[in-house]
Amino acid sequence: MTVFRPLFWEEDHLVLLDQTRLPWEERWLRLRTWEEVAEAIRSLRVRGAPAIGIAAAYGLVLAVLRPKPGHTPAQEFQEAQEGLARTRPTAVNLFWALARMTRALQACQDEQELFPTLLAEAKGIHEEDIAANLRMGELGAALLPAGARVLTLCNTGALATGGHGTALGVIRTAFAQEKLGMVYACETRPVLQGARLTAWELGREGIPFRLIADSAAGLLFRRGEVDAVLVGADRIAKNGDFANKVGTYVLAVLAQRHGVPFYVVAPSSSFDLALPSGEAIPIEERAEEEVLEPYGCRFAPPGARAWNPAFDLTPAELVTAFVTEKGVIRPPYVHTIPATLSG
Ligand code: MRU
């Protein structure tokens, strides 16, 4: 299976597909400073929990490669680490990748080692993510019935990861195995990751799909047209509560009401075992303009205000199973999550 990579390292810089321009234009950016990487994460040029972590890891490579005048590479790394940590609060993959890169830096004996060591570590994080996605694709596809009609939200595909995808990776693998009937992709207000990005990925590969308005999901369930829900996650607490794109909770409640399995597909880097439950997960609130005036098109009257949480919280009791690269995890999650992840 060929894997599409939305970002990669080239000689001395990071190349990254600008997701804010999709599907209108395929614009590849060449980023040469960690500040440019931080801006790309903040403004959603690169988004999706695993992809954010990978981009941040490459950002730290850029920091040691091009320290500002008067800074040692280690000082620049420290500044970059703090700056990148401030970009987006919810996806734990970001903090996981920053911590892993910091451990790699601390293991270096002298300055000459920094760049090659950190580049190898960032590439390692990237390649491991792709391998995890391919594995989750196999494990997740095995859970689906023949001709499965699946519902998904946001974009969890190659664009959101190092390549292949999590929930969309399962869809990709199921399609390759000729097991997939139809994908219903929620358009995903307010910034339309489903309509712009998931539709772009599915369309390129000829995977059958229908875009739906987010609020059409209820009727779809009522008509019995959903065999499984597949979503990703930005942070999963030790008890299985998790944060994901706003709208996930609604789909989980609907799935339970209609007896449809609800699967969360996420690598082990998306789990935060330091959090006993989801209540402590920080939920990012983004600019009001994303709701009032998406992509420069003003819908709301002058003076209207908006509330724009980027994520919501879904309690563990609504999750049928977590699909990770280490195995499929079923309740009781307080026991099975730590046991599977430490294995
Ligand atoms: O705001 P985004 O586009 O970064 O949100 C992305 C999601 O919520 C995804 O579902 C999640 O990061 C998992 S991506 C494999």
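P190 sits in the loop that runs between β5 (180-186) and α7 (193-205). The peptide bond joining R189 to P190 is cis, with omega at about 5 degrees. Keep in mind that this is a predicted model.

- Most peptide bonds are trans, and most residues other than glycine have a negative phi.
- A cis peptide bond also links L22 and P23, where omega is about 5 degrees.
- P23 belongs to the loop between β2 (13-17) and β3 (28-31).
- C154 is not a glycine, yet its phi is positive, at about 65 degrees.
- The loop holding C154 lies between β4 (148-152) and α6 (167-176).

- Which cavity holds the ligand? The ligand is in the largest cavity.
- Two elements each give two or more residues to the shell around the ligand: α2 (49-65) and β9 (242-245).
- Why does the ligand lie between domain 1 (7-133) and domain 2 (135-341)? Both domains give residues to the shell around the ligand, so the ligand lies between them.

**The shell around the ligand**

- How many residues surround the ligand? The count is 16 residues.
- The closest of these are R47, A49, R88, N244 and K245.
- By class, the shell has six nonpolar, six polar and four charged residues.

**Polar contacts and burial**

- A49 uses its backbone: a polar backbone atom of A49 is 2.8 Å from an oxygen atom of the ligand.
- K245 uses its side chain: an N or O atom there is 2.8 Å from an oxygen atom of the ligand.
- D234 also contributes a side-chain atom, a polar one that lies 2.9 Å from an oxygen atom of the ligand.
- How much area does the ligand expose when taken alone? The value is 420 Å², and the protein buries 99% of that.

**Points to carry forward**

- For the backbone, the places to check include the cis bonds at L22 and P23 and at R189 and P190, along with the positive phi of C154.

Conventions: Residues are numbered from 1 along each chain as its sequence is written. This is a predicted model: local features need pLDDT of at least 70, side-chain atom pairs count only at pLDDT 80 or more; totals for chains, interfaces and linings use all residues. Side-chain values use heavy atoms; hydrogens and water are left out. A residue is near a molecule or strand if one of its heavy atoms lies within 4 Å of it. A polar contact is a pair of N or O atoms within 3.5 Å; within protein, one must be able to donate a hydrogen and the other to accept it, and residues adjacent in sequence count only if both atoms are side-chain atoms. Accessible areas come from the Shrake-Rupley method with a 1.4 Å probe; for residues, only the protein chains shown count as cover. On a 1 Å grid over the protein atoms alone, a cavity is a set of points where a 1.4 Å probe fits but cannot get out, and a pocket is an open set with protein on both sides within 12 Å along at least five of seven lines; lining residues have an atom within 4 Å of a point. A molecule sits in a cavity or pocket if more than half of its atoms lie within 2 Å of its grid points. Helices (H or I, at least four residues) and strands (E, at least two) are DSSP runs, numbered from the N terminus. Ala, Val, Leu, Ile, Met, Phe, Trp, Tyr, Cys and Pro count as nonpolar, Asp, Glu, Lys and Arg as charged, and the others, Gly among them, as polar. Domain bounds come from an automatic or database domain assignment.
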